[in-house]
Protein chains: 2
Amino acid sequence: MKPERNQCLVRKGNPGERFFVVCLLMLLNEKTAHGYELAENLSYFGFETDEINLSTIYRNLRKMEEDCLVTSFWQEGEQGPQKRVYEITDRGKKELEFWTEMLKKRKTRIEKLLARFDQQNTKHKGD
Amino acid sequence: MKPERNQCLVRKGNPGERFFVVCLLMLLNEKTAHGYELAENLSYFGFETDEINLSTIYRNLRKMEEDCLVTSFWQEGEQGPQKRVYEITDRGKKELEFWTEMLKKRKTRIEKLLARFDQQNTKHKGD
DNA sequence: GCAGCTATATACGTCATGCATATAGTCTGA
DNA sequence: TCAGACTATATGCATGACGTATATAGCTGC
């Protein structure tokens, strides 16, 4: 028995759906930053504070480094706990361009679906 | 070693990102249909023929039935192999409404990201 | 009979996620 | 000074979604 069954709606899926990875790349395209900072800045794109897990963000940043989209180094001479600072690479910039093109397509798809949904509703009203 | 590493770009993620599930629900909101038919009609939303796997579609349809978003029955008196025909439920219709609202938010997020990306590029040109 | 198409389904391995937990430094207040 | 809250990063574990391959079954054309 799944407890959500009665309340409502939907199996969660991936709430961020990897869109947030592009957001990270976007933020890093403006300036270097560390994980915690990036997490906070995701709110700009409309993400709720706890919508994307911190561990997910850290894990994805390390993977992006594996894939040579970013490089990282420990920030020196700073107060507080150590910060791993990330910097976007040329490869990362190309990746970002690629993703923005993908997002344009995705936007088109969403618009098509929303338009069709509106059509369905206006038809129903016409009955 | 991952072979794609040199060619280019990106870890795949979920190419459809569960958006296609909403598309299925949308199509079923217009009329009953079987899986294979739905797969073909996904092209309307811009999906390439093999972008979403048939097995993924069938699996998701069964899950949607589990979640009471659709019901299914075997179509009788038809030529060819048996067809499992799906019909949307009231719960499925509510679900669809919920998802269209989510998609509006998602669209906003994408637009925000694209706008910011354009800003970055125009700034670079101004240097 | 056999290849190719329609149509549905499942086993298997992989990958991404959320939750819980671990760590370590800093700062505030009792 | 000692506990608790906050910053900051990281990993183990269970779950869930996916693609590939494979299985099935009926129909069509050669």
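User: How far is a phosphate oxygen of DNA strand C from an N or O atom in the side chain of B:R84?
Analyst: This is a predicted model, in which local features need pLDDT of at least 70 and side-chain atom pairs count only at pLDDT 80 or more, while totals for chains, interfaces and linings use all residues; side-chain values use heavy atoms, without hydrogens and water. Residues are numbered from 1 along each chain as its sequence is written, and chains are lettered from A and ligands numbered from 1 in the order in which they are written. For B:R84 it is 2.7 Å.

User: Which residues come nearest to DNA strand C?
Analyst: A residue is near a strand if one of its heavy atoms lies within 4 Å of it. There are 26 residues around DNA strand C. The residues that come nearest are A:T56, B:Y36, B:R62, B:K83 and B:R84.

User: How many charged residues does the surface near DNA strand C have?
Analyst: Helices (H or I, at least four residues) and strands (E, at least two) are DSSP runs numbered from the N terminus. On this surface, α4 (54–66) of chain A and both α3 (35–41) and α4 of chain B each supply at least two residues. Asp, Glu, Lys and Arg count as charged; Ala, Val, Leu, Ile, Met, Phe, Trp, Tyr, Cys and Pro as nonpolar; the others, Gly among them, as polar. By class there are seven nonpolar and ten polar residues, and the charged ones number nine.

User: Which residues is B:H34 in contact with, leaving aside its neighbours within four places in sequence?
Analyst: B:H34 is placed in strand β1 (residues 33–34) of chain B. With a relative accessible area of 15%, B:H34 is buried (under 20%; exposed is over 50%, partly exposed in between, with a 1.4 Å probe and protein chains only). Its side chain has a polar contact of 3.1 Å with that of B:E37 (a pair of N or O atoms within 3.5 Å; within protein, one must be able to donate a hydrogen and the other to accept it, and residues adjacent in sequence count only if both atoms are side-chain atoms). Taking contact as heavy atoms within 4.5 Å, the residues are B:K83, B:R84 and B:V85.

User: What is the area buried between chain B and chain A?
Analyst: The size of an interface is often given as the accessible area lost when the parts come together. Here buried area is the accessible area (1.4 Å probe) that two parts lose on being put together, summed over both. The contact takes 45 residues from chain A and 45 residues from chain B. Carbon and sulfur atoms give 56% of the buried area, which is about 5100 Å².

User: Which helix gives the most to the side of chain B that touches chain A?
Analyst: Across this interface, 14 residue pairs are in polar contact, both residues at pLDDT 80 or more. On the side of chain B that touches chain A, α2 (19–30), α4 (54–66) and α5 (90–126) of chain B each supply at least two residues. With 20 residues, the helix that gives the most is α5(B).

User: How many salt bridges are found across the interface of chain B and chain A?
Analyst: Side chains of opposite charge can pair when their charged atoms come close. A salt bridge is a side-chain nitrogen of Lys or Arg within 4 Å of a carboxyl oxygen of Asp or Glu. Over all chains the count is 14, and across the interface it is six.

User: Which chains does the salt bridge of A:R116 and B:E30 join?
Analyst: The closest N and O atoms of A:R116 and B:E30 are 2.7 Å apart. A:R116 is buried at 15% relative accessible area, whereas B:E30 is partly exposed at 38%. A:R116 lies in α5 of chain A and B:E30 in α2 of chain B, so the pair joins two chains, A and B.

User: Which residues are linked with A:K107 in a network of salt bridges?
Analyst: A:K107 pairs with A:E111, with closest N and O atoms 3.9 Å apart; the two are four residues apart in helix α5 of chain A, and therefore separated by about one helical turn. A:K107 also meets B:E111 in a salt bridge, at 3.9 Å from N to O. The residues linked with A:K107 in the network are A:E111, B:K107 and B:E111.
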